[in-house]
Amino acid sequence: MRQKLEQEMNKHKPWIETSYHGVITENMDTVLLDPPLVALDKDAPVPYAGEICAFKIHGQEAPFEAEVLNRTSGEGVLRARGPIDCEQQKEYTFIIQAYDCGAGPNGAGWKKSHKAVVHVQVDDVNEFSPVFREPVYRATVTEGKIYDSILQVEAWDQDCSPQYSQICNYEIVTQDTPFAIDRNGNIRNTERLSYDKQQHYKIMVTAYDCGQKRATESVPVHIDVKPVCKPGWQGWNKRVDYEPGTGSKQLFPKMHLETCDGPLSSVRAMVELQTNHIGKGCDRETYSEKSLQKLCGAASGSTDLLPAPSASTNWTASLLTDSGRDSDLIFRFDGRQAANIPERVVPQNLTDQFTIATWMKHGPSPGLRAEKETLLCNSDKTEMNRHHYSLYVHNCRLVFLLRRDFTQMDTFRPAEFHWKLEQICDKEWHYYVINVEFPAVTLFVDGVTYEPYLVTDDWPIHPSQIDVQLTVGACWQGGEVTTPRFTQYFRGSLSGLTIRPGKIETQKVISCLQACKEGLDINSLESLGKGIKFHFNPAQSVLVMEGDDLESINTAMAKVSYINSRQFPTPGLRRLRVTTTVQCFGEDTCISIPDIKAVVMVLPPSEPRITIAGVERVTWPATELRTPTGVTLFKDIRIISTVTKSDNAFSSGHRPGVLEVMHNLDYCDVLVIGEELNPEHESLEIQHSSLLGKHLDATNSTSGISIYGVDSMAHYEQAIRQVRYRNWRPAGLSERKFRLSCSELNGRYTSNEFNLEIGVVHSSEAVEHVNHMAVQSQYMRPVHHPLVVHTVNSDHIAGTPPAATVVIVMCIATLVAIVVLGIYRIHTTHQEGTKGDEDGGKEPEMDWDDSTLTITVNPMENIDGPQSAGGIREEELEEEDEDEEDEEELAGDQSSAESEDSEEEEQTEVLGKVKGKLEWDPSTLPY
């Protein structure tokens, strides 16, 4: 009944429009609907049944809600439940229905309208500013051109509507620039740019959207102006730093050839390393000529005609020297100097085979009519003016004259050999070797063989009794003139002039003697490509490359490297020059490529510190010095070398920045300190067998012994440990001092001076000293020379084992007891003697009268206490004091671990008391 009543009171459904269109501005909450949101009900004006109570929204989870403003009129409003963002969603579509209030206050029997579709569009707000797509823009232009567009900048806007998201305008913010920009972002130049006037421009550009909102940040635009294209190499550095010991380093890793799109058929590039200002033309080994020959395997017996001036080689003292880097001794001849070689030096046994070698730097001779310039000449000393053999330069030709003695048939024989080479007058250093294997004569220049282009014959020289004179730098004219004089002076530089009779040098040895340790190189030959041809000169100072393809030649040039294999190279500049020739197609004028001039800077190497360490004082009995083998001086000598590096990338076993290195030495000297050796009764010796298998030789004199030759530090250690000292009459000798020093690179790096002192123990002191030699050498505690530099490892210096100390103390105590007992028995068994025997006992080895000898042992007296003066010779007292100091010095060297052993201390104290109480009793000695 009630339901029927409700139906009669609420007969009609609410009515709304079938569709609505709404607009909402983002970040607002009210939607403007068209038509307005109004619901009607035919039950009006019946209360509740004719009123509208609600609007409900369905679908898409729309972020909106509808609210009834007036229940009677049915007006409503559509609102957003939260912020609406156009950039997230531009429009919404959903369903809305109206509900009446039912039949009564409780809303029972309510009715709903039909479904209406609502379309809501979100209006954009210009909330975002334009943003450029790139943080910076760059472009390069060529001078002298007007561009329609150099580059284009682009900005964008996050707003959702076309009005606010589109960029409508760009603007150059920077004032007074020769550039303009259009609304599309294209930048152009308004005038012709000049590279000489300005090479770089930086302009700031901003953007506006169609709502005239400006970009918050302007974008920088960099425009580089390059000159009009000029053919040439680009991308290379004028200076390349080279760190010694790093192997090969690329010279032009990013270099490429710019041809300005010119047609070309081939490219030829020549890279030249110019090192003529360094030593003898490049970084070569700078050991002495004798050491170099031994190092390269040359036969022995060569004579150095231009040695360093000294007391024994004084003929070069008057010559001008140009001592280059690394001790390269160079002699300069300016047309006024020459030297006579002493007859004792001149090789007397030149046969049909001999070799002459020299370094020479020579330029064109001055004057229209060049005279002969003599390097080496062997001529008559007096009476006549015959040249037996000579080597000279004439009109940039090298001539070797060899006139044989008349020994066989009287016939013409080859006498003058001529070579015409560019190297003779190019003012550069070259290594010349003349191998004579008569009648053939061969010239080697920098290791390359040259046969003479002209050979002239002459009569042999008839034998005579006239002495000959060998000269360097000129030729001696001793006959046919009023006053003997030098003629045909040489103008140039010479170094390492040697002559060696006998077997001629091999090409391998010659190449080794002149080899450069620095030069040009190519990284990864296999990746050069088949289209590249290359060629090195013998010294590897010139590299020529040819290719048909521009890309291939660029790749090949990037692989050109500098290498210096010396462990300690000469620091300084090396000049580089690249000369390029381009061949073009057809008859067109070919492009010209400018030369490149650069430098390689060889940085100073880390200089080594050579340190000699070992025992500073040893004691030997005089009997050992008399033996045929003598005594070894440096039995435990150790030679190490360290360098200090800037980085600390070394193993933990080394101090930071200090690295032990291995390298060669070229001499070590053992010198006598004080009086020179007396050859009548003493000598320093080294067995020849100690040098076998090594590149070492040795010479000795009264001043000491010198071991020389290029060899490893280990070989030098082995040789020095074999140096022995002999003295077959050491009666008056108490000590001898020696000094050891070593050198590398002909004196460039020298070691510390290691001093060694030898104490000599005579037989009268056997009570005090026999214990020194009774102990095996490995248990002796030496005084070691402290390392001055940062020592890398000192493991070679071993401490005395604690067990050995016990053995030493027990042996010493036993020996002292035996000696005391022996002296006592001598006293009791020999009752008769002569006073003359005692007076004649000046030497420790001779007999003395002990018939009335009494030895008093007083345990209460100190070893340093006063001793009875009667009957004791002053010399014996001094020797005893020295021996006590030696023992104290040995005892003081015991390790801290040994000193902590109380039992050993007690034994040592007892020994000291026994030794200190041995005293002569002169009261019973007959006089």
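Mentor: Let's go through the salt bridges one by one, and then look at a sheet.

Keep in mind that this is a predicted model, where local features need pLDDT of at least 70, side-chain atom pairs count only at pLDDT 80 or more, and totals for chains, interfaces and linings use all residues. Residues are numbered from 1 along each chain as its sequence is written, and side-chain values use heavy atoms, with hydrogens and water left out.

Okay, salt bridges: the structure holds 16 of them. The term means a side-chain nitrogen of Lys or Arg within 4 Å of a carboxyl oxygen of Asp or Glu.

Start with R133 and E154, whose side chains meet at 3.2 Å, N to O. R133 sits in the loop between β8 (131-132) and β9 (137-142), while E154 sits in the loop between β10 (151-152) and β11 (155-156), so this pair ties together parts that are 21 residues apart in sequence. For the cut-offs, buried means under 20% relative accessible area, exposed means over 50%, and partly exposed is in between (1.4 Å probe, protein chains only).

Now try R386 and D380, which form a salt bridge at 2.8 Å, N to O. Here R386 is buried at 14%, and D380 is buried at 0%.

Next up is E685 with R726, where the closest N and O atoms are 3.4 Å apart. This pair links distant parts of the chain, with E685 in strand β51 (residues 682-685) and R726 in strand β54 (residues 724-727), 41 residues apart. E685 is partly exposed, with 24% relative accessible area.

Salt bridges can also join up: R638, E660, E717 and R721 are linked in a network of them.

Finally, back to β9, which belongs to an open sheet of four strands in the order β9-β16-β15-β12, with mixed pairing. Two strands pair if DSSP finds at least two bridges between them. β9 and β12 (167-172) are the edge strands, each with a single partner, so one side of each has no neighbour in the sheet. The partner of β12 is β15 (residues 200-209): five bridges join the two, and they run antiparallel. Along that pairing, Y170 stands opposite A207 in β15.
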